[in-house]
Amino acid sequence: MSYQQTTDERTILSSQAVTGAVSSESVDCSQYSEAEVYISVSAKSGTSPTADWDVQTSPDDSAWHQHGNIPQVNDPSVTTVYRHAVHHVTNLGKYLRVDLPSMGGSSTPSLTTEIKIILKT
């Protein structure tokens, strides 16, 4: 009997202008063992916009705990190519989301951002 890996790709933050604190949709990860998070930026405004995204897990979709950090999105060139942010996140817990506590930069910084997650068994 051979083992076949199952994957599930989801958009957890639809493309939107992010100007401050925001959290993605939470995902029930109870049947998965790994996750990859991808962030794309399709537009930006302001001066030197930056975003420090956190990966968070929760046992109950209510009390969130930081699982890890995603490399800073720092005044990116605008592309539709996904930036590989987290690879092989393990010990997922029951729920996972991506959270941005605040936006950095000046002159009303904004990043039009979309976040996708690929879950693997």
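Me: Why does Val 18 count as buried?

Reply: In this predicted model, Val 18 has a relative accessibility of 2%. Buried means under 20%, so Val 18 counts as buried. The residue is found in strand β1 (residues 7-18).

Me: Which residues is Val 18 in contact with, leaving aside its neighbours within four places in sequence?

Reply: With those neighbours left aside, Val 18 is in contact with Leu 13, Leu 100, Met 103, Pro 109, Ser 110, Leu 111 and Thr 113. Contact means heavy atoms within 4.5 Å. The C-alpha atoms of Val 18 and Thr 112 are separated by 5.8 Å, although these residues are 94 apart along the chain.

Me: Why does Thr 113 count as buried?

Reply: The relative accessibility of Thr 113 is 2%. Because buried means under 20%, Thr 113 counts as buried. Its place is in strand β10 (residues 103-120).

Me: What lies 3.1 Å from a polar atom of the side chain of Thr 113?

Reply: The backbone oxygen of Leu 111 lies at that distance from the side-chain polar atom of Thr 113. A polar contact requires a pair of N or O atoms within 3.5 Å, and the value of 3.1 Å is within that limit.

Me: What makes strand β9 (residues 95-100) largely enclosed by the rest of the structure?

Reply: Strand β9 is largely enclosed because 6 of its 6 residues are buried. Both faces are covered: Tyr 95, Arg 97 and Asp 99 are buried on one side, and Leu 96, Val 98 and Leu 100 on the other. In a regular strand, side chains alternate between the two faces of the sheet.

Me: How many bridges join β2 to β9, and in which sense do they run?

Reply: There are 2 bridges between β2 and β9, which run antiparallel. Two strands pair if at least two bridges are found between them, so β2 and β9 meet the criterion. Within this pairing, Asp 99 in β9 is the bridge partner of Ser 23.

Me: Which strand pairs with β9 over 5 bridges?

Reply: Strand β5 (residues 54-58) pairs with β9 over 5 bridges, in the antiparallel sense. Ser 58 has Tyr 95 in β9 as its bridge partner. Strand β3 (residues 27-28) is also joined to β9, by 2 bridges and antiparallel, and Asp 28 stands opposite Tyr 95.

Conventions. Residues numbered from 1 in each chain as written. Predicted model: local features only at pLDDT ≥ 70, side-chain atom pairs only at ≥ 80, totals over all residues. Heavy atoms only, no water. Helix = DSSP H or I, 4+ residues; strand = E, 2+ residues; numbered from the N terminus. Buried < 20%, exposed > 50% of the residue type's maximum accessible area, 1.4 Å probe, protein only. Polar contact = N/O pair within 3.5 Å; in protein donor to acceptor, adjacent residues only side chain to side chain.
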